[in-house]
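Please examine the sequence and the structure shown below before reading on.

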Amino acid sequence: MDILIAGLGLVAAFVGGLQDWMADPATREGFGEAVRIYWTVLSWATVYAALMIFVSSVDDTFLDLYFWVLSLQNLLTRPFRRIPSVEALRTLPEKRLAILIPAWQEADVIARMVDHTVQELDYSAYDIFIGVYPNDAATIRETDALVARHANVYRANVGHPGPTSKADCLNWIVQNALARETQSGKRYDAFVMHDSEDVIHPLSFRVMNAWLDRADMVQLPVLSMPRPWNALVAGHYMDEFAEWHSKDLVARAHMTGQVPSAGVATALSRRAIDLLNAERDNLPFNTDSLTEDYDIGHRLFEAGFRSAFVRYFAKVKMTTPDGRRRTRHELVCTREFFPDTLKVAVRQKSRWMLGISFMGWRQLGWSGPLVHRYFLYRDRKAIWTAPTGMLAYFIVVQWALYWLIATLVPEAGTLPPLIDPQSWVWTIVLINFWFLVNRVVHRLIFTGTTHGIKLTLLAPLRMVVANYIGFLASMRALRRWIVHLATGKPITWDKTMHAYPSLEEIRRAQASFAWHDDRPATRHLPETLTAALAAPAPVLAEPEPVEVSERPAFQIDQAIEALQARPRRAAPTPPPMPAPLERIRETTP
């Protein structure tokens, strides 16, 4: 109470001093002229912000309308479409998959991720390759322990110290997998990209296995793990990915036939990898990009390969924590713990913006048909919409401050309105307000349907937080891009520290991975490892350095020249996809 009284006293003193200061005629004249100039500049800034927000909002609303029309069409035609059951997926022959997991400084999460994946996956024909750097002793130690206890886990050695780019790490992992293939005599039919913090749905590979008969790149949805309802930074990822992977990608895939890879939960057919190897001298992923996943989707599209975004709802039998048995429809997706601090979130999003907006613009240009260029514009418009959004917030704050001063200190005088209520600009502002309402409503719909009604309570506030993070990320990306252009210094892997949930946290997720009752291929880990998965994630201290070659997963030449030894071939024309016995159709939300 004393603090409140003291604060009110300070406000009263400030207002009184301001009144005395404004009472002086000379002060009023000089200050008034400065304020009028500032107000004029702010008025023009308001016109600019209103127009930019209007253009961006029209674009967003068009995509909303397209999605809902598509959803209505799918609803009307659903009785005539056949969607394979989980039992049908299990009858399909298993393609042999190579799982690619780049791991730079991932000692604190890699063991938990791989142990949980091996234990829960309803699939058997796969090998896991973990890419490690020679100067990352802690991750090498954890990887070697995984190699020792899982027959299908291999260490993929990167031939030079890190960090480099994720694309570079993936290139080495692919070549390690091909070397293993030569050694074992077993050919991989597809390569699947995942990260060390991914919680993979048990049926993910079953779905990929089926849809790889129809497309050369299969992308499953990626969602956030449920976070506390009041976690604003971590929660904004829940909102954004729920809308992106429930609406935006669905509409994009239908409009263009092209799906940008999310970098995880992405399966690439063998012939796609062979094409990418042939294009770049056995270095399939673009090391000049920080978003190699985005880049690879466009390269496959230009080569004529098909891609599919698959939202498959599995009908699964489950046992709830209280022992009740029931059946429900469950989205087959990959979930992640996204950053929960402002600094890490800005670093991660600046990498995405740098790779997609700046580097993507330079490397991909504006190629392709008109609808393809439209989505290139959508991918890159954050370059100017993020700063414009913060400018709009600044204008609102300035207007509120002016209103407060004019109310408390009438002697300060009045200023003309920022926007003439009779002008066309005011009409644009009113339209923008309804566009804002539309955006909030859509965010509430997709957050609520994906994560539950409780998490919609602060969704509007999290939209403001998301805009602030986007602005900081755009400024950081712009700064790194300018430094790169001015100095020629390469842009390296901007490391984001990861976390992996405990078994109890996974069980609280909407996709209750650990409670399925009908998984025939479940692998059981030793009790000590199962107990370790159930415990909170440990924080590992940096161990003593170990020799890189102490426990090689298999022999592979470490020289970069060995990766480029194969002769370069002309990019092949994609042959027709083999017709499956049963037509697999993409599911709808």
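**A guided reading of the model**

Leaving aside its neighbours within four places in sequence, Val114 is in contact (heavy atoms within 4.5 Å) with Ile101, Ile128, Ile130, Leu146, His150 and Val153. A second, separate core of 37 residues includes Trp104, Tyr154, Leu178 and Leu268. Here a nonpolar core is a set of buried Ala, Val, Leu, Ile, Met, Phe, Trp, Tyr and Cys residues joined through side-chain atoms within 4.5 Å. Buried means under 20% relative accessible area, exposed over 50%, and partly exposed in between, with a 1.4 Å probe and protein chains only. In the largest nonpolar core, which has 54 residues, Val114 and Phe205 touch the most other members.

The model is predicted: local features need pLDDT of at least 70 and side-chain atom pairs count only at pLDDT 80 or more, whereas totals for chains, interfaces and linings use all residues. Residues are numbered from 1 along each chain as its sequence is written, and side-chain values use heavy atoms, with hydrogens and water left out.

Consider next the protein as a whole. Its secondary structure comes to 18 helices and twelve strands; helices (H or I, at least four residues) and strands (E, at least two) are DSSP runs, numbered from the N terminus. Of its 589 residues, 53% count as buried. Among contacts between residues at least 6 apart in sequence, 83% join residues at least 24 apart.

Strands of a sheet pair through backbone hydrogen bonds, either parallel or antiparallel. S7 and strand S12 (residues 334–336) run parallel and are joined by three bridges. Within S12, Thr334 stands opposite Val222.

Two residues in helices complete the picture. Beyond its neighbours within four places in sequence, Leu249 is in contact with Trp244, Pro260 and Phe309. Leu249 and Phe309 lie 60 residues apart in sequence, yet their C-alpha atoms are 7.3 Å apart in space.

Asn209 belongs to helix H7 (residues 204–211). With a relative accessible area of 0%, Asn209 is therefore buried. The side chain of Asn209 reaches the backbone oxygen of Pro93 at 3.0 Å.

Key. Pairing = 2+ DSSP bridges. Polar contact = N/O pair within 3.5 Å; in protein donor to acceptor, adjacent residues only side chain to side chain.
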